[in-house]
Amino acid sequence: MKESLEKENAFLKNILDSSLSISIVATDIDGHILFWNKGAENMFGYTAGEVVGKKVSILYPDDKTTEEVKRLNAYIVREKKETTCNIKEITKDNRQLWVHLSLTPRLDNSGRVIGILGVGKDITKQVNTEKALLNSQWQLYQSQKMEALNTLVAGATHEINNPLNLITLNLSLLTRIWEDLMLALKELSDLNPSRKYGGLTYSFLKKHLRQILSDMDVAAKRIAGVVSDLKNFSRQSNIIDKTEININTVVKNALRLIQTTLNRAGIDVRLNLAEDIPSIEGNQQAIEQTVFNIVLNAIQAINHDHGKIIITTGFKRATGNIDIVISDNGPGISPAIMNKIFDPFVTDKQDEGRTGLGLSVAYSLVKAHNGNITFTTNTYEGTTFTISIPIVNRQRNIKVLIADDDKLIREILAEVLTVERGYEVSQAANGTEVNIKLGTYHPDILILDLFMPKMDGLEVCRAIKNEPELADMKVMITTGFPSDPKLEEIYRMGFTKICSKPFNIPYFLEQIDAMLISS
């Protein structure tokens with residue numbers, strides 16, 4: 001009988017283990033793992049010996065998942081019914097998986113729940129695909145919405161501008177007329193002190209009308225400011241005129257534009273501008289407006305008499321980005337609007353006449369430069385905005401040719417450059433293949449191993465120098481022998497970028513970025 005049971009158990013285990021892509025896990029009522037099939041081992045990386053006897057919660061990545069599973073288990077024990085769910089689980093090497101899980105109660109002969117059987121299928125790819133699709137649909141929706149809004153804004157600003165121009169012109173004329181009429185009204189008032197003009201006495205007009213006209217002018221200019229912001233918003237994605245600009249110059253120009261407002265607010269501005277910062281291709285007016293908008297936002301936020309704004313510029317060689325960091329010591333951004341401050345018309349100062357367009361315009365102008373803008377904020381401590389703009393245009397398809405007789409090295413470097421930088425990568429196994437490829441393929445960078453069969457790296461460098469069309473090609477030499485005398489001749493030819501093996505990948509990427517930036 002015992003032998004028969006053992007054979008039956010072995011037979012069942014063999015069947016369960018044959019499900020190599022389906023995890024089958026049995027636990028007791030307290031969540032201890034009793035059975036772990038080969039499919040679970042393949043999915044999560046743990047062997048049965050590593051997990052049997054341990055709590056199944058080792059697969060839960062966070063407290064939220066733990067609570068969700070507790071709730072499901074309680075339901076199964078109470079109702080004695082099977083249930084299904086999609087949950088996140090974590091592997092031995094800390095990868096997160098989405099798993100479609102079927103949970104079934106395990107019952108004893110009396111019908112009491114003594115544990116749970118879980119059957120899981122990895123649906124991570126499906127979930128990621130659905131997320132990507134939803135994200136694409138959302139971006140399309142946002143794009144269509146913004147296109148419609150831009151059209152509406154462009155029409156509205158045009159219709160507002162015409163009567164607004166008439167108002168401002170007439171106000172200026174009316175103010176000059178009033179100055180000339182003052183003498184005539186004084187004479188009429190001397191003759192008849194009780195006479196009224198439009199229901200108002202001369203003394204009231206003398207005291208208040210100039211201020212009334214000034215207030216009207218301020219109101220008109222405020223409308224003009226809103227219209228200007230709307231116009232900038234509507235044309236934000238059409239930045240065509242790009243020239244070589246220096247970020248430090250841009251910052252100084254923006255501060256000159258807003259200096260009067262800074263002086264009036266009594267805010268101290270400190271500049272930490274990096275020296276020898278590289279130039280970028282950009283629209284100078286757009287970047288100036290971005291800095292202007294963020295500084296103005298900081299001025300409006302600071303609500304005390306010791307206001308301070310610090311503007312720092314710098315260049316991160318590893319990323320190829322120019323950074324502009326603008327920090328203030330204001331009250332921080334309200335949690336109520338923190339997640340949507342870059343949306344148009346979002347502000348917590350509507351009662352002060354703010355439009356909520358400044359940061360939206362800034363965000364869109366930076367995005368039009370293939371850059372990014374982020375912020376950190378602390379209540380009562382201030383806010384820091386970081387604008388990052390790439391020197392290398394990441395929209396351009398950077399082409400890299402990797403030449404190495406070691407296939408594994410080629411594959412590793414190709415994956416790094418493809419995944420981390422999005423470059424187009426081609427490969428060659430020896431110097432002869434490199435020369436053949438260079439006949440029709442001109443990469444931005446050639447990563448060239450020094451020692452290869454048929455034709456080594458030195459011979460390839462000589463061939464490149466003999467071809468006028470290839471003479472300016474950027475070449476990185478890779479070698480496990482950095483003191484080899486061949487490198488001296490290569491160096492004299494102008495190929496000075498050497499990367500030693502074994503590779504330090506972050507340093508390797510930093511060197512590649514530096515080569516592209518210097519193009």
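## Parallel strands around β18

Strand β17 (residues 445–449) runs parallel to β18, and five bridges join the two. Strands pair when DSSP finds at least two bridges between them. Strands (E, at least two residues) and helices (H or I, at least four) are DSSP runs, numbered from the N terminus. Leucine 448 has isoleucine 477 of β18 as its bridge partner.

On to β19. Four bridges join β18 to strand β19 (residues 497–500), again in parallel. Here methionine 476 stands opposite lysine 497. Strand β18 spans residues 474–479, and five of its six residues are buried. Buried means under 20% relative accessible area, exposed over 50%, and partly exposed in between (1.4 Å probe, protein chains only).

## Crossovers

β17, helix α12 (residues 457–465) and β18 form a right-handed β-α-β unit. From β18 the chain passes through helix α13 (residues 486–492) to β19, in a right-handed crossover. Right-handed means that, with the strands pointing away from the viewer, the path from the first strand over the helix to the second runs clockwise.

## Threonine 65

Threonine 65 sits in helix α4 (residues 63–79). Its relative accessible area is 5%, so threonine 65 is buried. Beyond neighbours within four places in sequence, threonine 65 contacts Tyr60, Ile87 and Lys88. Contact means heavy atoms within 4.5 Å.

## Cysteines

Cysteine 85 counts as buried because its relative accessibility is 11%. Cysteine 461 is buried at 0%. The whole structure holds zero disulfides, a disulfide being a pair of cysteine sulfur atoms within 2.5 Å.

## Basis

This is a predicted model: local features need pLDDT of at least 70, side-chain atom pairs count only at pLDDT 80 or more, and totals for chains, interfaces and linings use all residues. Residues are numbered from 1 along each chain as its sequence is written, and side-chain values use heavy atoms, with hydrogens and water left out.
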